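Please keep the 3D view open as you go.

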4 protein chains.
Amino acid sequence: MAKKTGEKYQNIIEAAVKVIARYGYHQAQVSKIAREASVADGTIYLYFDNKDDILISLFKEKIGAFIDTARTRIEQLDRADDRLRELIYMHLWQMSQDRNLAIVTQIETRQSNPVLRAGIYDVLKHYLNLIDEVVFLGKKQGIFGPDVDHRIARKMIFGTLDEVVTSWVMNERDYNLINLVESIHNLFINGLKVAKQ
Amino acid sequence: MAKKTGEKYQNIIEAAVKVIARYGYHQAQVSKIAREASVADGTIYLYFDNKDDILISLFKEKIGAFIDTARTRIEQLDRADDRLRELIYMHLWQMSQDRNLAIVTQIETRQSNPVLRAGIYDVLKHYLNLIDEVVFLGKKQGIFGPDVDHRIARKMIFGTLDEVVTSWVMNERDYNLINLVESIHNLFINGLKVAKQ
Amino acid sequence: MAKKTGEKYQNIIEAAVKVIARYGYHQAQVSKIAREASVADGTIYLYFDNKDDILISLFKEKIGAFIDTARTRIEQLDRADDRLRELIYMHLWQMSQDRNLAIVTQIETRQSNPVLRAGIYDVLKHYLNLIDEVVFLGKKQGIFGPDVDHRIARKMIFGTLDEVVTSWVMNERDYNLINLVESIHNLFINGLKVAKQ
Amino acid sequence: MAKKTGEKYQNIIEAAVKVIARYGYHQAQVSKIAREASVADGTIYLYFDNKDDILISLFKEKIGAFIDTARTRIEQLDRADDRLRELIYMHLWQMSQDRNLAIVTQIETRQSNPVLRAGIYDVLKHYLNLIDEVVFLGKKQGIFGPDVDHRIARKMIFGTLDEVVTSWVMNERDYNLINLVESIHNLFINGLKVAKQ
DNA sequence: TATGAATGAGAGTTCATTCAT
DNA sequence: AATGAATGAACTCTCATTCAT
């Protein structure tokens, strides 16, 4: 029913990111988003099925595009460890680029509303697949240990990056996420233990 | 104003865990929690300031107790790597023990409501400190690398465990979290890379 | 869930009759009814499931009581033709007594809303049964013709009375319905044709 | 403003009967009617002033035509009692012919909206006049009793037929209305009482 | 004539919280 | 301490109507 294209559609998405980042999902009334997008309240419903659909669509548009870009760039590299570095970099870089989007992504999409969660997860699983592929490749290339459990590795990679970004978003100080890439990569690859001589 | 002790206080906490796990925070009306706890709606407000305070108090009671136990057990071990294993074990074991609590912890406390987040964080930071201490000790003992950034390490440890538990809670299949302890520990200590001969 | 007793329940019913008669069902906002009944909007929902339920309950209370009274009085008479006269009288008298109720009954309950119609019909069928019983008795007593189809007779009796009252309600002039009892009764009993000498 | 002629006008009327019969007046959105009529939403407003006007116009077109036909056929008969039979027949036959129209007529036009009711009544009164004329003629011809009150008689005739058709429309079973003509006619003429020997 | 995207007013209902008993 | 009836603010979504093209 809802027509998910056009300039107004994009405007509403942008307005939603802004308003939700500022007020939180629950305090981001549809009328507030409409005003920010300079359209009438009813117009929102020409492009979105309901309020939840705004958040889901927003996530789909933004994260979907990110995943595509990330995949393209990652696949230009040969070695799995380089791919992992690129993935870390892309994740942090993307979130650095748009703090409002990061807020929405890290905080507001973590609603317990089942419909919302399901919609979000539909997008997220493509990202988790991308991580899996890097891990599989690493094992195949003999760079990552054969005993590495890819499900655990995936959760470590995603869980760590997610926590790093959440922490950054919640923090007053606006430090540079990109500076963390090497540290994180090193931790993933070599672990905590002291390097052998 | 609210008296945070007594049998009824505990009953309400237990009722809240049950009801919130089942219906989600937004669908866990105060009257539903009151009925489950066999008290009147108004009685809730003799023990809690407001609905948010129920969730925060619940988190404080449950996770606070967990942190104390975890700290006690961890401090009985000497080596940081053993402590880390114990921390992983305690985290997963605790969540395994009470699935309802795990649901509330992993899903329902992730509300974007600022008051709620602040209350939750107040408790959580004690846990994050505990993690920090293990990392510091590891570096001091020369078990963990001197270049390990404790903030990154802490986010890796917490982020990974959090993601592992969330994933377990969201999953239909009820696999045994405890079985993952060694894999996770190994990944944290040695990283992804293939072991040197 | 809704508690359909108590003083407030009755107050709301009375307020609803008044407000709906004056503004029509669609323009009788719940808040208007609440104000008229001197209760808060939310209080309405302690006594009624929803707005439709107000109209249905109102009809049930008022018409249900009327049917009981009518039945009691009718059954004190022996002859079916006397019972028919009493039924006509009771119908018109009842409506004369409370013009607001008549307006609601004749106009506002004729909504095409299926839920509403079903609720209304549940009450109405008891009245139609009462009419049927009078017709059956008349045939049994040999007062009404053996060939009279009770279904048609019932529709004639109800349809006529309904149209008479609707017409009265719609009319500006407030003539006395009771004066029509004999004419209607005569028409039902003897029909249109000129009396035999 | 609205041009009430042309092929599209008729198409919209037909579409409206269909859609309103199926979904009810309130669920028969203008856009639904437009789609059924294969025109744009805005086009509706070139032919009708507003949504109410569609229902009123529909009633006018359909019932107006019916009244004309009924009058023509009735006036070909001499005796008032034959005319009454023809009127009953025409009423039931017409409704039998187009169940959708019957649904709209019996259920959906009974809206409490004053504007709508006024528009409907404007058409209906021509029908009531036709009934009156039959009654007057019967009295003049000495076929109907001189004491018959024509207003009561009219209400009996219309009220009964209306109730018969409403009952038929609401009923699941699709029995033949035409079969009822003689019974109804007999009841109108001779009343309920047992025939004199 | 015809289109259909855009408008924006309007209302039922929920539920955390209070307070008289 | 405990009760639970009463409160009333708050918000999503629908849909008849318009008007630039």
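Contact here means heavy atoms within 4.5 Å. By that criterion, no contact joins chain B and chain D, and their closest C-alpha atoms lie 30 Å apart. This is a predicted model, in which local features need pLDDT of at least 70 and side-chain atom pairs count only at pLDDT 80 or more, while totals for chains, interfaces and linings use all residues. Residues are numbered from 1 along each chain as its sequence is written, chains are lettered from A and ligands numbered from 1 in the order in which they are written, and side-chain values use heavy atoms, with hydrogens and water left out.

**Chains**
- Chain A and chain C do not touch either, with 22 Å between their nearest C-alpha atoms.

**Helix α7 of chain C**
- Helix α7(C) covers residues 114-140, 27 residues in total, and reaches 37 Å from its first C-alpha to its last, close to the 39 Å expected at 1.5 Å a residue (helices are DSSP runs of H or I, at least four residues, numbered from the N terminus; the expected span is 1.5 Å times one less than the number of residues).
- At D122(C), α7(C) bends by about 30° (the angle between axes fitted to the seven residues ending there and the seven starting there).
- Just after α7(C), G142(C) has a positive phi of about 75°.

How values were computed
Helices (H or I, at least four residues) and strands (E, at least two) are DSSP runs, numbered from the N terminus.
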